[in-house]
Amino acid sequence: MSSRAIENFDEKARDTIERAGRTTIYHGELLRHPVYTRVLHWSVAVFFFLALFSGFGIYLPWLFRWFTPIFGGGQLSRIMHPYFGVAFVCFFALQALNFLQPMLWAPGDTRWMRNVKAIASGEEKMDPPETGFFNAGQKVMFWEIVAGCIVYIISGTILWAGAQTFGRIPVAVSYVLHDISAVIMLGGIFIHIYQSTFGEPGTFDAMIRGAVSEAWAWTFHPAWYKQVTGRDPEQACEEARRNMAARSKP
Amino acid sequence: MISGHSNPSPGFGMQRDLEVCKLVDTTTCIGCKACEVACVEWNNMPFTPTTFDNTYQTMPETAPHFWNLIKFNEHQNPDGTIQWLMRKDQCMHCADPGCLHACPADGAIVKYANGIVDFNEENCIGCEFCVSGCPFNIPRFNPSTKRVYKCTLCSDRVGEGLEPACVKACPTGCLKFGSKEDMTFIAKERAKQLRDNFGWQNAGVYDPQSVGGTHVIYVLHDATDPERYGNLPKNPTIPWSYTWWKWLFKPVIGTFALLGGLGILFHHVTNGPRVPQPEPPEKDVVDVGGHP
C-alpha cells in the first residue's frame, strides 16, 4: 500500500467516525481529542486489556491462574490471546497514524525529560512553557508502544505458529522478548492510567468527552494553549503577577 | 501391624526401586517395527499416513498419533564400511523434563514419582511451548484437537504392573523394562560386552546427565557420536527461557510490577495530584496590561 492510500484511508475513517458522534465544548473549554481519536483510544484499550488478561494466565499460571476462567479456561485463553493481540496492534496502528505528527520529538521535549523528576513530584506546578500538544512523557510512552508492537508482531507470530513451524530456539527467544515487551508496557500503562485520572485531574475528560478546561491546557500544555487560544501563557502569567502587585499596592 | 509403630508409616526407611526405565539396545534391534504396531494398537490410535523416502523408516518423524518410530540411518565409517543403524525414537522421560519446564498449564504435563512424564490431554492448552522445551523433538501438536501428544511410557500398563506395549512386542529382547537401577546395570554390562568381545571400542550407554538422566536409555555402538542415530543429541539442553527466565525472572519482574502499582499509590498519597491552575482572567490582564 502506498503512503497516499494509507493517508486516504486515514482521512476516510476519520470522517466516518467523526460523523457518528460529536464533541460538545462548553464555555471555558477547549477541544482536546476529536471523536475519531477517542474511539481509537478506547478500542486500543479494550483489546490491550483483553490481551493482557488472557496472557496473564499463560505468563505465570501459579500466580494468575484465576484469570483464565474469564476467557472460558486455559484452552480458550490460548486461542483468543493472539486474536486480541492482533486487534490491539491494528487499532494502535491507526492511532499511531493519527498521532504521528504531534508525537514527533521536539527540542523542548529533551528539556522536559531532564526536568521529569520535578514535574512528576509536583514540585513544578506547571509544565514548562514549550510543552506542546503532547509532553515528552506521553511521547516516550507512544514510541515505546510502537516499538513494543513491532516486538509483539514478530515474536507473537513465531509463538502463534509454534516450534513445529519455526524451530525450538526461535520460540524460546520469542517467549522472553514477548514477556519483556509485555512487562514494559504494563509498567507504562500503570503510569498512564494514574497520570490521566488521579495524578492530573481533568485529564480523563480529554479522552472521555474530548474537552478540557482552559486552565488544564494552560497548566499542562502551555505551548498548545498558546497555539489554540492565541494567548501567551508566559506573558499572561507575568501580567497576572503585575496585576496582583498593582492591586495590592494601595 | 500399624500399632506400636513409631514411624509415620509402616515400612518407613525401607529400600524400594521406585524409578522405572526402558532399555533400548540398538545393537540388537532388527528394525521389525513390532513396537510401532504395538504402540498404535495399545493406545488405540487412528491410522497415520506413512511416507516412503527410500528408507525402511515409516515416516520422517513421530506424529500426534504415532509416538514410537524406528529411525533407520546409514552411517559410513572412516574405513568405508557402512553401519545400518536402527534406533527406536520416542519420549525419553527425562528426570528434568524440558517440556514440563516450558508448560504453562496446570497439570497438563505431570512427572510421576516413578519417572514417567505424562501429558494430560484435558489440561493441555495447546501453546506448544513443550515442543520448544524438549531437546529430543518429541511432543507433537495435533492441529485438529489443538493439543499436544507423546509417548506415555504406557503409564496405564505400568500402573498395573505390566511392561509397556512396545517392550511386550519386541521379539529380540532388544527392549527391556524394569527399575532404573537394574536397566542401567544391564546396559552397562552389555556395553562392556560390546567393547570387550565385539570390538566396539566406543560402545556405551546413553543416559544424558544434562537433563538429569532419562528413563529411556540406549546402548549405542558408539556412545561418543549419538547424532548418527537420527539426531540423538549428544548434550541435550533446555533453553534458559524455560529455566531461569521462567522460574526466577518472571516472578521477580511480576513482583516489581506490583510494587510499581503500590509505588504509584504512595506517590499520590505523599506528593498529591497536580491540579490545573486557573489561567489569569483575560479582562484583568488586558486592563492591567494597558496601564502598567
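In what order do the four strands of the open sheet of chain B stand? The legends below begin with this sheet and refer to a predicted model.

**Figure 1. The open sheet of chain B, with mixed pairing.** The four strands follow the order E8-E1-E10-E9.

**Figure 2. The hairpin of strands E2 and E3 of chain B.** Strand E2 (residues 69-76) and strand E3 (residues 82-89) of chain B run antiparallel, and eight bridges join them. B:Phe72 has B:Met86 in E3(B) standing opposite. Five residues lie between the two strands of the hairpin, and B:Gly80 in the turn has a positive phi of about 95°.

**Figure 3. The two domains of chain B.** The domain assignment gives domain 1 (20-238) and domain 2 (244-290). Their C-alpha centres lie 57 Å apart.

**Figure 4. The packing of helices H1 and H2 of chain A.** Helix H1 (residues 3-20) and helix H2 (residues 35-59) of chain A meet at an angle of about 95°, and their axes are 8 Å apart. H1(A) and H2(A) are therefore roughly perpendicular to each other. From H1(A), the contact is made by A:Ala13, A:Arg14, A:Ile17, A:Glu18 and A:Ala20; from H2(A), by A:Val35, A:Tyr36 and A:Val39. Six of these residues are nonpolar, none is polar and two are charged.

**Figure 5. The packing of helices H2 and H4 of chain A.** The angle between H2(A) and H4(A) is about 150°, with the axes 8 Å apart. These two helices are therefore roughly antiparallel to each other, and their crossing is left-handed. The residues of the contact comprise 15 nonpolar, twelve polar and one charged.

**Figure 6. The packing of helices H7 and H9 of chain A.** Helix H7 (residues 136-161) of chain A packs with H9(A) at an angle of about 150°, and the axes lie 9 Å apart. H7(A) and H9(A) are therefore roughly antiparallel to each other; their crossing is left-handed. Among the residues that meet are A:Met141, A:Ile145 and A:Tyr152 in H7(A) and A:Val171, A:Tyr175 and A:His192 in H9(A). By class, this contact has twelve nonpolar, eight polar and one charged residues.

**Figure 7. The contact between chain A and chain B.** Chain A gives 47 residues to the contact and chain B gives 40 residues. The elements of chain A that supply two or more residues include H2, helix H4 (74-99), helix H9 (168-199) and helix H13 (233-248). H9(A) provides the largest share of the side of chain A that touches chain B, namely 14 residues. By class, this side has 25 nonpolar, 13 polar and nine charged residues.

Key: Residues are numbered from 1 along each chain as its sequence is written. Chains are lettered from A and ligands numbered from 1 in the order in which they are written. This is a predicted model: local features need pLDDT of at least 70, side-chain atom pairs count only at pLDDT 80 or more; totals for chains, interfaces and linings use all residues. Two strands pair if DSSP finds at least two bridges between them. Domain bounds come from an automatic or database domain assignment. Axes are lines fitted to C-alpha atoms, for helices over the stretch in contact, and angles run from 0 to 180 degrees between N-to-C directions. Angles under 35 degrees count as roughly parallel, over 145 as roughly antiparallel, 65 to 115 as roughly perpendicular and the rest as oblique. Two residues are in contact if their C-beta atoms, placed from the backbone, lie within 7 Å. Ala, Val, Leu, Ile, Met, Phe, Trp, Tyr, Cys and Pro count as nonpolar, Asp, Glu, Lys and Arg as charged, and the others, Gly among them, as polar. A crossing is left-handed if the near helix is turned anticlockwise from the far one by less than a right angle, and right-handed if clockwise.
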